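Me: I am new to this structure. Please take a close look at one part of it, the charged side-chain pairs, and walk me through them.

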Amino acid sequence: MSLPLYSGQIVGLLLAAGRGRRFDPAGIQSKLLQTLPTAAGRTVLASAAAALAAALPVCIVLRPDVPEQVAQIAEYPWVQCVNADDGMAASLAYGVQQTREAAGWVIALADMPYVESATIQALAAALRQGADIAVPTFQGRRGNPVGFSRLHLPRLLALRGDQGARSLLQSFPLVEVALDDPGIHQDIDTVADIRQSSS
């Protein structure tokens with residue numbers, strides 16, 4: 001689909017292109033299409049997308065040939081990364097490339113559906129106030145999503161491998177944003193995570 005113009009905006013970039021092999025090593029069930037017990041029938045993917053879209057203009061990065069996932073987020077702007085299997089950095093860099101006119105990005109993970117919209121807004125606010133990298137914390141521990149200013153555009157575009165932007169977090173100053181949101185630590189990796197999540 002054609003993307004909106006993101007010029008000067010902070011964009012919520014939702015990374016949803018992984019295969020989630022820890023959830024189902026056979027690759028039959030997508031964790032992103034599982035229904036959450038506390039989300040009124042919403043899937044993991046739809047919940048994560050809705051929380052992000054409630055806070056910022058969004059772009060969702062999918063892998064190719066996932067019509068069921070497209071159906072979950074069709075109301076939002078989305079792109080498909082053909083080299084998603086190269087690792088998380090590939091889909092992250094692709095999403096940034098597609099939204100490269102943005103003023104910054106809050107990079108969220110589609111398997112973390114319990115992050116609150118207020119958390120995303122707080123990270124975006126930190127970027128607007130001058131932070132180059134903004135990281136949420138809950139009870140003193142860092143989590144996701146992470147905000148990056150436009151200063152890091154060349155570095156985000158150059159990312160490789162499966163570590164995402166971790167190398168940037170280790171190499172550049174961070175602004176920690178303390179929040180009351182346990183969702184920044186809750187990801188869906190296994191079937192048990194769906195049963196236990198939000199408890």
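**The charged pairs**

Reply: Start with Lys31, which has 11% relative accessibility and therefore counts as buried. Buried means under 20% relative accessible area, exposed means over 50%, and partly exposed lies in between (1.4 Å probe, protein chains only). Keep in mind that this is a predicted model: local features need pLDDT of at least 70, side-chain atom pairs count only at pLDDT 80 or more, and totals for chains, interfaces and linings use all residues. Residues are numbered from 1 along each chain as its sequence is written, and side-chain values use heavy atoms, with hydrogens and water left out.

Which residue pairs with Lys31? Asp111 does, through a salt bridge. Their closest N and O atoms are 2.8 Å apart. This pair links distant parts of the chain, 80 residues apart. Asp111 sits in the loop between β4 (104–109) and α4 (117–128). Lys31 sits in the loop between β1 (10–16) and α1 (44–53). Helices (H or I, at least four residues) and strands (E, at least two) are DSSP runs, numbered from the N terminus. Asp111 is also buried, at 13% relative accessibility.

What counts as a salt bridge here? The rule asks for a side-chain nitrogen of Lys or Arg within 4 Å of a carboxyl oxygen of Asp or Glu. Side chains of opposite charge can pair when their charged atoms come close. A search of the whole structure finds three salt bridges.

Another one joins Arg63 to Asp85, with the closest N and O atoms 2.5 Å apart. Arg63 lies in the loop between β2 (58–62) and α2 (67–73), and Asp85 in the loop between β3 (78–80) and α3 (88–98), so the pair ties together parts that are 22 residues apart in sequence.

The remaining bridge runs between Arg142 and Glu176. Its closest N and O atoms are 2.7 Å apart. Arg142 is in strand β6 (residues 141–142) and Glu176 in strand β8 (residues 175–178), 34 residues apart. Arg142 is partly exposed, with a relative accessible area of 45%. Glu176 is partly exposed too, at 46% relative accessibility.

What about disulfides? The count is zero, where a disulfide is a pair of cysteine sulfur atoms within 2.5 Å. Cys59 is buried at 0% relative accessible area. Cys81 is buried as well, at 0%.
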